[in-house]
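Please keep the sequence and the model in view while working through the numbered points.

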There are 2 protein chains.
Amino acid sequence: MTDKVRICLDAMGGDSAPASVVEGAILASRDRKADYEVVLVGDKGRIQRELERLNISNPPFEIAHASEAVGMDESAVETARKKRNSSLAVGMRMQKENKVDGFVSGGNTGAVMATAILTLGHLEGVDRPAIASYFPTEKGVAVVLDVGANADCKARNLYEFGVMGSIYASHILKRENPRLGLLSIGEESTKGNELTLISYGLLSESNLNFIGNVEGHDILKGTCDVVVCDGFVGNIMLKFAESIGSYLYFLIKEELRRSVLFRTGAFLLKYPLRSLRKSLDYAEYGGAPLLGVDGVCIICHGKSSPKAIKNAIKLASRMVKEEVNQHIKEGLDSSNQIKEKDDRQV
Amino acid sequence: MTDKVRICLDAMGGDSAPASVVEGAILASRDRKADYEVVLVGDKGRIQRELERLNISNPPFEIAHASEAVGMDESAVETARKKRNSSLAVGMRMQKENKVDGFVSGGNTGAVMATAILTLGHLEGVDRPAIASYFPTEKGVAVVLDVGANADCKARNLYEFGVMGSIYASHILKRENPRLGLLSIGEESTKGNELTLISYGLLSESNLNFIGNVEGHDILKGTCDVVVCDGFVGNIMLKFAESIGSYLYFLIKEELRRSVLFRTGAFLLKYPLRSLRKSLDYAEYGGAPLLGVDGVCIICHGKSSPKAIKNAIKLASRMVKEEVNQHIKEGLDSSNQIKEKDDRQV
C-alpha cells in the first residue's frame, strides 16, 4: 500500500492519443520527485502496442482497461450519458469510487466536462462548475474563468467563479490575497452589460479582494491574479489569444520576403517568439482545471505534448494535496450573501 | 460653391487635442488628391494658437467656432443632452442641417456616439447603431462589429450588424460577396449562447453570405471578411488585441536581459514588431465608423496621429460618396424577415 496520490490519466483523449499520452505517463511516472502514482485508463491492447513501440516491458504505472473511446467530435452530453465504457466514464467512476484521487484528459473538452459533472456531481454549494485557464501576464500568470463551460451565466455564477478562482490562485499559484477582477467594458461600476452590472454588486459585497472591473487590455498587463467572465467571452478570448502566435509567424514570413537586412537576423526572432508561443499556449501550463465538481479534473489541450501531460498530472496531484475543493466549500459557505438574495435576481 | 464632400473634424477631441487634430486637418487639406473639404469645429482661440505655433496664417480649411469641449471622462448621455455648445454638438448639428456631410472625432467615444444618435437619429430600419472596427488578418483586414456601442444585444441587432457590416465590406473594402461570420464558441449551429443560437437562425435565412459560426482563433486567420458579435464581446476582444503589442515588447525586454546573442541582433526585431503594432492598432486604419446613424460618423482613437486623422477624414468622405447609408437602407429593406417574426423572440 501507498499513501501517494493516485491520478487517473485518459489514454484515449487527444489528437495523437494514445501515443503522446503513454509517453506523458512514462515521463510523469519516472520523475524522481513524483509524489503521485499514475493509472492509465484506456484500451489495453492499444496501450500495450505503444509500450512495445517504446520498448517498455515493465511500465511504471498501472493500466485500467476501458473498451471504448470518445471521439473529438462526439456530442458531449450524449457521450456522457450513453458511452458507459469509455475511458472517460471508467476513469471518472474510479474517482467517484475513491480508487483514484484525480483525473486528467486531453480528450473532447465537452465530453470530459459533461462526464465529470454527471459522474462526480457538483461540489456542495456550487451552481455551475467552470473551466479555469492560465493567461500569461507581465506579472506572472493570471487565472481566467470561465473559459467555456457555461455559455450563459447568471451573476451568482460569476460570484462563484470569483470564489473558486481566488482560492485556486491562493493555494495553487500561492498568491497572497489574490486580486480579483470582473471582465467588463469600462472601469466604472456603471459600465458593463446586464450580467456584469449585477455581478459587480455581488462581488463588491463579498470578502474577496475584488478590485472592480477590468478591461480587455488589463489581462496581459497583469492588473489582477484572477479574472471572472462568462464562458462565452472567456472562450472567445482564450482562442483569440492562442491564435496570436500563428499570426506573428505570418507577419514575420511577410517581412522575410520584403527585407534582406531582416532576413540576415531573422533567426534571432525565434527566442522571443518561442517565449510568446509558450506563454500564450495553455498546454504549456499542463491543463485547465474544471473547478466546482466534487473531485479533481484537469482538461488538457488536444495537442498536449508528453511534457504538458506530465504537468497536468502534477497539477492534479497538487490540487488533491492542497485540498482546493475543501477550501472552495468553506469559501462559499463563509459568504451567505447569495442565499439571502432573491434567486431570480442573481 | 463646390461639389466637394464636406467633412467636419472635431478639433477638441483626443488626448492631445487640439494640437494633433489641427495638424491632421492641415495634412488632410493639403493632400493634392483631396476630393473633400475640411471644416474644423472647436474653440477658435485655441485653434488659432495652434496655427500660430505651426506658422500658418492662412489655413487650408474652414473653422467653425464651438465654445465648449467634452472631456474624455465626462458622462456620455449627460454630455449629449446638456452640453449644447460642445464641438461635438455643434459639428453634429451642422451635419443634421446639411452644412457638412460627415463628422470625425477622436474624442470621448461614448459622448461621440450618444451625440450622433441623439442629433442624427437612427438610419431608417436600424434598431441599434454599432461601431465597426478593423482587425488585421492573414488575408487583409476584417470588419468586426459591434465593438462597444451595445453591451446587451438581441438577435435582430446581430442580424442588422451583419447587413451593415457586409455592405460596408462590399463598398468600402471592395470585397465581393463578403463572407460573414457569427462569433461564437463552436463551429456547429448548435454551439453558442442564447443570443447566438437565435442569431444563427436569422442570419442563415438572410440573403447575406453567411458562413456560420466562427471562433476566437478564426479572426486573425482571416476566415471571414465581416464578424458580428455583441458590443461587450467585441470591445473586450478589441482591447485585448490592442494590448498584444505592449506585451510583446515586455517579452523582448525580458529576452534582452537574458541573452547576449539576442541582444546583438535585437534591433532587427523592430520591423516585424512595427508591422504587428500597426496591424493591431486601429488608429492606423483612420477610425471606426458608427454604422446605423442617419449620417456619417467616424470615431478615432484618442491617441490618433495626424496621419490617422487624415485617414479618418478620407474614410468619412468615401462613406459619403459610396452612399453606404443608402445601401444599408436598401439592404435592410430587401429582407423583411425580422418584421415577420415575433419581435420578442429576436
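This is a predicted model: local features need pLDDT of at least 70, side-chain atom pairs count only at pLDDT 80 or more; totals for chains, interfaces and linings use all residues.

1. In which sense do β5(A) and strand β6 (residues 142-145) of chain A pair, and over how many bridges? The two strands pair in the antiparallel sense, over 4 bridges; pairing requires that DSSP finds at least two bridges between two strands. Within this pairing, A:Ser133 has A:Val144 in β6(A) as its bridge partner. The two strands form a hairpin with 6 residues between them, and A:Gly140 in the turn has a positive phi of about 90 degrees.

2. Residues are numbered from 1 along each chain as its sequence is written, and chains are lettered from A and ligands numbered from 1 in the order in which they are written.

3. The secondary structure of chain A comprises 15 helices and 11 strands. Helices (H or I, at least four residues) and strands (E, at least two) are DSSP runs, numbered from the N terminus. Of the 346 residues of chain A, 56% count as buried; a residue is buried if 20 or more other C-beta atoms lie within 10 Å of its own, exposed if 12 or fewer, and partly exposed in between, with C-beta atoms placed from the backbone.

4. Strand β5 (residues 130-135) of chain A is largely enclosed by the rest of the structure, because 6 of its 6 residues are buried. A:Ala130, A:Ala132 and A:Tyr134 point one way from β5(A), whereas A:Ile131, A:Ser133 and A:Phe135 point the other way. β5(A) is also joined by 2 bridges to strand β10 (residues 288-291) of chain A, and these strands run antiparallel. There, A:Ala130 stands opposite A:Leu291.

5. Chain A is divided into domain 1 (1-126 + 292-321) and domain 2 (128-284), with bounds that come from an automatic or database domain assignment. The centres of the two domains, taken over C-alpha atoms, are separated by 26 Å. Their contact takes 16 residues from domain 1 and 12 residues from domain 2; two residues are in contact if their C-beta atoms, placed from the backbone, lie within 7 Å. On the side of domain 1 that touches domain 2, α5 (109-120) and α13 (306-321) of chain A are the elements that give two or more residues.

6. Which residues touch the most other members of the largest nonpolar core? They are A:Leu9, A:Leu145, B:Leu9 and B:Leu145, in a core of 222 residues. A nonpolar core is a set of buried Ala, Val, Leu, Ile, Met, Phe, Trp, Tyr and Cys residues joined through C-beta atoms within 7 Å. Both domain 1 and domain 2 of chain A give residues to this core, so it lies between them.

7. Leaving aside neighbours within four places in sequence, B:Leu145 is in contact with several residues, including B:Ala130, B:Phe161 and B:Leu291. A cis peptide bond joins B:Leu145 to B:Asp146, with omega about 5 degrees. B:Asp146 lies in the loop between β6 (142-145) and α6 (155-171) of chain B.

8. Finally, one backbone angle should be noted. A:Asn55 has a positive phi of about 60 degrees although it is not a glycine. A:Asn55 counts as exposed, because it has 6 C-beta neighbours inside 10 Å.
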